[in-house]
Amino acid sequence: MTECIPQDPDLENLLNKPGKIFLDIGAGVGRISLRACQIYQNLKVVALEPAKIPFNLARENIEAACLTNRIDLRNIALEFLVETNFFDAVWFPHIFFSEEIFRTSLIKILNSLKPQGILLTNALP
């Protein structure tokens, strides 16, 4: 998915279908959520950003892009996510999380994914 998320044929085949939902953990200013919606015209996104300043910037960016109907921006941390068996793909930038939070978060993330869902993460350079 361009420069934000690696291009992958399985991901593209999955997210190009109607009704698919993507979880953006640690959305920051909304860059990945916005780009996902630009590429996948039917995709809905749930974006989690617990920090107030990036959350406010993400809200402004989403409003400016006229994507409030497709991006559900939440000012919460991952531990407060309640959905299970819900997301088709999840972006989890694990390098920004401590090892302890990573381990507990991974269980929650895997439970939130639908069967055959895709977990995307980043690699260290």
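Predicted model: local features only at pLDDT ≥ 70, side-chain atom pairs only at ≥ 80, totals over all residues.

Reader: Is F97 buried or partly exposed?

Author: The relative accessibility of F97 is 25%. Buried requires a value under 20%, and exposed one over 50%. F97 therefore counts as partly exposed.

Reader: What class of pair do the rings of F86 and F87 form?

Author: The count of aromatic pairs in the model comes to 3. For F86 and F87, the ring centres are 5.0 Å apart and the planes stand at 85°. An angle over 60 degrees counts as edge-to-face, so the pair of F86 and F87 is edge-to-face.

Reader: What class of pair do the rings of F92 and F97 form?

Author: The ring centres of F92 and F97 lie 4.9 Å apart, with the planes at 45°. Planes under 30 degrees apart count as stacked, those over 60 as edge-to-face and the rest as tilted. The pair of F92 and F97 is therefore tilted.

Reader: Which residue forms one aromatic cluster with F92 and F97?

Author: F92 and F97 belong to one aromatic cluster.

Reader: How many residues of strand 4 are buried?

Author: Strand 4 covers residues 87-92 and is largely enclosed by the rest of the structure. F87, at 0% relative accessibility, counts as buried. For strand 4, the number of buried residues is 6 of the 6.

Reader: Through which element does the chain cross from strand 4 to strand 5?

Author: Strand 4 pairs with strand 1 (residues 21-25) in the parallel sense over 3 bridges, where W91 is the bridge partner of D24. Strand 4 also pairs with strand 5 (residues 113-121) in the parallel sense, over 5 bridges, and F87 stands opposite L113. The β-α-β crossover from strand 4 to strand 5 is right-handed, and the chain passes through helix 4.

Reader: Which helix gives the most to the lining of the largest pocket?

Author: The largest pocket holds about 170 Å³ of space. Its lining comprises 13 residues, and F97 and I101 are among those nearest the centre. With 4 lining residues, the helix that gives the most is helix 4 (residues 99-112).

Reader: How many charged residues does the lining of the largest pocket have?

Author: By class, 8 residues of this lining are nonpolar and 3 are polar. The number of charged residues in the lining is 2.

Methods
Residues numbered from 1 in each chain as written. Heavy atoms only, no water. 1 Å grid on protein atoms, 1.4 Å probe; cavity = no way out; pocket = protein on both sides within 12 Å on 5 of 7 lines; lining within 4 Å. Points joined across faces, edges and corners; volume = space filled by probe spheres on them. Helix = DSSP H or I, 4+ residues; strand = E, 2+ residues; numbered from the N terminus. Nonpolar A, V, L, I, M, F, W, Y, C, P; charged D, E, K, R; others polar. Phe/Tyr/Trp six-rings, centres within 6.5 Å; stacked < 30°, edge-to-face > 60°. Buried < 20%, exposed > 50% of the residue type's maximum accessible area, 1.4 Å probe, protein only. Pairing = 2+ DSSP bridges. Right-handed = clockwise from strand over helix to strand, strands pointing away.
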